[in-house]
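User: I am new to reading protein models and would like to learn how to look at pockets and charged pairs. Could you take me through them one step at a time?

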Amino acid sequence: MDFNLNSEQQMLRDGITKFLASRYDLETSRAAAKTGAGWQPDIWRAFAGELGILGATLPEEFDGIGGGAVELMVITEALGYALVIEPYVDAVVVAGGLLRRSGSPAAAELLKEIVAGDKVAALAAAEPDSADRWQDAATLAQPDGDGWVLNGVKIVAAGAPLATHLLVTARIAGEDGISLFLTDADAAGIELHPYRTIDDRSAADITFTDLRLPAEALLGERGGAWPSLAQARDEGAAAICSEAVGCMRKVLADTVEYCKQRQQFGQPIGSFQVLQHRMVDMFMEVEQSAAAVYLAILNLEADETTRARAVSAGKATVGRAARFVGQQAVQLHGGMGMTEELAIGHYFKRLTAIQYEFGTTDHHLARYAELTRA
């Protein structure tokens, strides 16, 4: 199997890397997260207009470029290396995938606007009693004439404070299965409680109270949204695993450089064999994670069982590695590794958060065991 990127994929990687190196400053992005709008809208528009990455993995019928899973890996690893907080995975990978598979004209039009950078969508699926089980939604959609009335609560909707549109999972009253609904984020009946997460991302808890929606707000078949949601969850998990590899590569590079410069007993601490062994262990974890991401990415279009098994293997591997690499980096930097002034502390927080997104490490270990049981 050839793991080398083709010329177009290399150009994509190089273009993103150069753009982020020159235009995406960590201090500026954190200031925007903490005191500003929570992100940099001008950077998002540049992602669309200058780089074209918002449509890089979407079909041409939605004004995309028609790339696939490998392009997704290239983009997300580069975003992870620069610690980008803009909601690419939430808006393009997860919400974009759900919109693309729904077959709805309204969804297709919104997807084109997302590709253009004019709109942002976010998924609201997790609930207080079933945060890790999207299929157990208690939010209720009541038929009302030709439309719907939604009532319920969602938690930790990533990217929701930045979104113009929400995708909401709900059960239709008296029916089985999960349905998916599309709504404007500022519609009457929606109450957002936004907050900043530990890794400087934007999220919100959302209450829906008698939210009235037209008939066309239902995306896809009644009660038939779960297969698409399961795929979106796996695609999101694979994407953040790739992002984590980018984060870990940067953390490792910064740690090696620091150990070359930090002096103790009159010599660089990187000359101490025991610390060299630690950095080698970090390197091995990063490379194992990269291999696991390849496995997950290259199986995203496989059958459901194969896809789920590969993604869970990747998520469990990356979860373990993210914990180890992050902790070792902080220890090798000493107490300053957790300060706001150094990038290491910010990367450590992101690597910690990734361990819990789209299913915890323990969840994916259990799912992998179940899927491989004889």
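Predicted model: local features only at pLDDT ≥ 70, side-chain atom pairs only at ≥ 80, totals over all residues.

User: Which residues does UniProt list for the domain "Acyl-CoA dehydrogenase/oxidase N-terminal"?

Analyst: UniProt positions are given in the numbering used here, with shortened feature names, and an annotation may be inferred rather than shown by experiment. In this case an unreviewed entry lists residues 7–115 under that name. Helices (H or I, at least four residues) and strands (E, at least two) are DSSP runs numbered from the N terminus, and the span is 71% helix and 0% strand, with its end C-alpha atoms 23 Å apart.

User: How much space lies in the largest pocket, and which residues are closest to its centre?

Analyst: On a 1 Å grid over the protein atoms alone, a pocket is an open set of points where a 1.4 Å probe fits, with protein on both sides within 12 Å along at least five of seven lines, and lining residues have an atom within 4 Å of a point. Grid points are joined across faces, edges and corners, and the volume is the space filled by probe spheres set on them. Here the largest pocket holds about 800 Å³, and of its 39 lining residues the closest to the centre are Asp90, Val156, Ala158, Glu357 and Phe358. Elements giving two or more residues to this lining include helix 5 (88–102) and strand 3 (147–158). For the classes, Ala, Val, Leu, Ile, Met, Phe, Trp, Tyr, Cys and Pro count as nonpolar, Asp, Glu, Lys and Arg as charged, and the others, Gly among them, as polar; the lining has 24 nonpolar, 6 polar and 9 charged residues.

User: Which element gives the largest share of the lining of the second largest pocket?

Analyst: The second largest pocket has about 370 Å³ of space, and among the residues closest to its centre are Leu5, Arg13 and Arg249. Helix 4 provides the largest share of the lining, 5 residues, and by class the lining has 9 nonpolar, 3 polar and 3 charged residues.

User: How many salt bridges does the count come to, and which residue forms one with Arg30?

Analyst: Side chains of opposite charge can pair when their charged atoms come close. A salt bridge is counted when a side-chain nitrogen of Lys or Arg is within 4 Å of a carboxyl oxygen of Asp or Glu, and by this rule there are 21. Asp200 forms one with Arg30, the closest N and O atoms being 3.4 Å apart. Because Asp200 lies in the loop between strand 6 (190–196) and strand 7, and Arg30 in helix 2, the pair ties together parts that are 170 residues apart in sequence.

User: Is Asp200 buried or exposed?

Analyst: Buried means under 20% relative accessible area, exposed over 50%, and partly exposed in between, with a 1.4 Å probe and protein chains only. Asp200, at 5%, is therefore buried, and Arg30 is buried too, also at 5%. Asp200 meets Arg196 as well, at 2.6 Å from N to O, and Arg196 is partly exposed at 42%.

How values were computed:
Residues numbered from 1 in each chain as written. Heavy atoms only, no water.
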